[in-house]
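Dear colleague,

I am handing over the structure below, and my notes on what was found in it follow.

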Amino acid sequence: HEYGDKMSQKKVVVIGAGPGGYPAAFRAADLGMDVTLVDPASKPGGVCLYVGCIPSKALLHAAHTITEASHANEYGVKFDDPQIDLEKLRTWKDNVVGKLTGGLGMLMKQRKVKYAQGVASFSSSNQVIVQLQEGGEQIIDFDYAIIATGSIPVLPPIVEGESTLVMDSTSALEIPDVPKNLLVVGGGYIGLELGTVYASLGTKVTVVEMTSGLLPGADRDLVDVLKSDLDTRFDQILLNTRVEKISEKSGKLRVTLSDLEKTNSNMTFDKALIAVGRRPMSKNLGLENTNVKTNERGFVQIDKQCRTSDQNIFAIGDVAGEPMLAHKATSEAHVAVDVINGKPESFDPLAIPAVVFTEPELAWTGLSELEARQKNWEIEVTKFPWAASGRATTMGKKKGLTKLISEPSTNRIIGAGIVGNGAGEMIAEATLAIEMGTKLDDMKSVIHAHPTLSETFMESAELFYNQSPHFYSPKRKK
Ligand code: FAD
Ligand code: NAD
């Protein structure tokens, strides 16, 4: 291994086995450290594998198939209405999760990472106590600890009493049934992804979002394209609307909504999904027995090396701040472990890709136009519409958009956004371009295979110089 000659027997405990914790434990073990990974589940995986990224994407794959089949009629291929075997769909999704978490369990054993199945809390700056799942306690003394306890859903106090008809993302992923109609509170990542799943299975979905647009913070040009599609997929999208109260009466949910003028209205739903954000899991961790500090929102405060205010304790992933994304957690994991190993690493990316796996997908990376405008930074924006893409046309996906943000003084690409089929895969090219300091004329000259959607990056750069063969814009003179 690259640091093999620096093998040490540092004792490391990693708390939480999600996409932050397990890669941290694995890398530390690969570097020869004595590692214990703690998590209440029987195998590593965390929120991402058990109740997050993976099960939701398995279900979204099914949703995608249903959507594609329904569009096929446009080109003369007609399928019957889908027959949904819910039991089989659930089993398939659970098997996907089982295969991946099982694989992690094996990889952990091969690396000789010790696993304590239970809940850890700090008793001091060099000791944690684990309440073991099987009963009893395990005391672990450590040289270094990595907190990777992730996040949990925010549950606003809007539900009167208790109702099994009100779901969070975890229970919604169980797809206990396909309700006739579903209220989704929150038009963010989870609301739109799981709303897409339920809508594809036949549920009438109403999304209620309190701000003026879906996915607040995301690029409006991209969101507008997604919204025009979701308007046809969902029953209703109510913006500038808050859910004030949800109560169960005679097997239905009575919901009180209020708009900007604070005018109330009532609606009835079969079920509701609450997806109004997540909060860090930093409580009940015994942090008061250490020097670790949290901010007013409960995120553990870290520096660029992922070190907390307690010298030997690091924090990574959702518990250590936004964006709450699995790949950000994994990247921080590698930084924290390399720092423990004595390398001068830091977490300082130019671009963290974000993907919303809706139909169509929406993805962005690096600096957004919104952020640049808020900071009063000068930028150039180039937008290439997919109506001018050969590949998009062959797929009947002409509504997409590829957008490049560049720095006028250097023509370097500093941000990108895509809405359209496969945006989640495509965004990798833009992220690499940003991290490698790629300029628009490099992007323009790199040969992209034809016909592909990735050509839209090349054509965007060509468009910047008014050299796009497939898009004529007399206004853009370069
Ligand atoms: P987590 O994955 O939250 O893992 C933390 C682990 O720590 C958990 O297993 C928890 O039980 C354990 N733990 C907590 N406290 C203790 C304790 N005291 N002792 C021991 N163990 C403890 N992100 C993406 O990038 N792409 C996606 O497609 C995506 N889809 C998502 C879909 C849904 C429905 C949800 C809910 C989230 C999704 N996310 C997605 C977000 C992603 O799941 C998180 O960003 C990611 O899991 C964070 O990783 P983590 O390692 O910080 O923590
Ligand atoms: P979110 O922050 O993405 O969206 C929450 C939405 O709810 C926001 O638009 C917010 O304005 C709205 N909201 C808040 N209170 C409301 C209220 N009372 N009434 C109506 N709307 C309200 O949060 P989420 O969807 O719960 O997801 C949590 C996090 O999980 C995400 O931020 C993301 O980091 C992660 N995640 C990522 C993916 C992915 O990468 N594809 C998928 C799912 C979740």
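Which residues in α6 are buried? They are Gly-191, Leu-192, Glu-193, Leu-194, Gly-195, Thr-196, Val-197, Tyr-198, Ala-199, Ser-200 and Leu-201, where buried means under 20% relative accessible area, exposed means over 50% and partly exposed is in between, with a 1.4 Å probe and protein chains only.

Before the rest, some conventions. This is a predicted model, in which local features need pLDDT of at least 70 and side-chain atom pairs count only at pLDDT 80 or more, while totals for chains, interfaces and linings use all residues. Residues are numbered from 1 along each chain as its sequence is written, chains are lettered from A and ligands numbered from 1 in the order in which they are written, and side-chain values use heavy atoms, with hydrogens and water left out.

To return to helix α6, it runs over residues 189-201 (helices, H or I with at least four residues, and strands, E with at least two, are DSSP runs numbered from the N terminus). Its 13 residues reach 19 Å from the first C-alpha to the last, close to the 18 Å expected at 1.5 Å a residue, the expected span being 1.5 Å times one less than the number of residues. The helix is mostly covered, with 11 of its 13 residues buried, and just after α6 Gly-202 takes a positive phi of about 115°.

The cavity search gives one cavity of 30 Å³ or more, and the largest cavity has a volume of about 60 Å³. A cavity here is a set of points, on a 1 Å grid over the protein atoms alone, where a 1.4 Å probe fits but cannot get out, and lining residues have an atom within 4 Å of a point; grid points are joined across faces, edges and corners, and a volume is the space filled by probe spheres set on the points. Of the 13 residues that line the largest cavity, Asp-219, Leu-367, Ser-368, Ala-416 and Gly-417 are the closest to its centre. Strands β19 (361-366), β21 (401-407) and β22 (412-420) each supply at least two residues of that lining.

The structure holds zero disulfides, a disulfide being a pair of cysteine sulfur atoms within 2.5 Å. Cys-306 is in no disulfide, and the nearest cysteine sulfur, that of Cys-48, is 18 Å away. Cys-306 counts as buried at 0% relative accessibility, and Cys-48 is buried too, with a relative accessible area of 12%.

Two backbone features deserve a look, and the background is that most residues other than glycine have a negative phi, and most peptide bonds are trans.

- Cis peptide bonds: the bond from Glu-359 to Pro-360 is cis with omega near 0°, and Pro-360 is found in the loop between β18 (354-356) and β19. The bond from His-450 to Pro-451 is cis as well, with omega near -10°, and Pro-451 lies in the loop between α12 (440-445) and α13 (455-464).
- Positive phi: Lys-112, although not a glycine, has a phi of about 60°; Lys-112 lies in the loop between α4 (86-110) and β3 (114-124) and counts as exposed at 67% relative accessibility. Asn-240, also not a glycine, has a positive phi of about 50°; Asn-240 sits in the loop between β11 (236-238) and β12 (242-249) and is partly exposed, with a relative accessible area of 26%.

With best regards

How values were computed. On a 1 Å grid over the protein atoms alone, a cavity is a set of points where a 1.4 Å probe fits but cannot get out, and a pocket is an open set with protein on both sides within 12 Å along at least five of seven lines; lining residues have an atom within 4 Å of a point.
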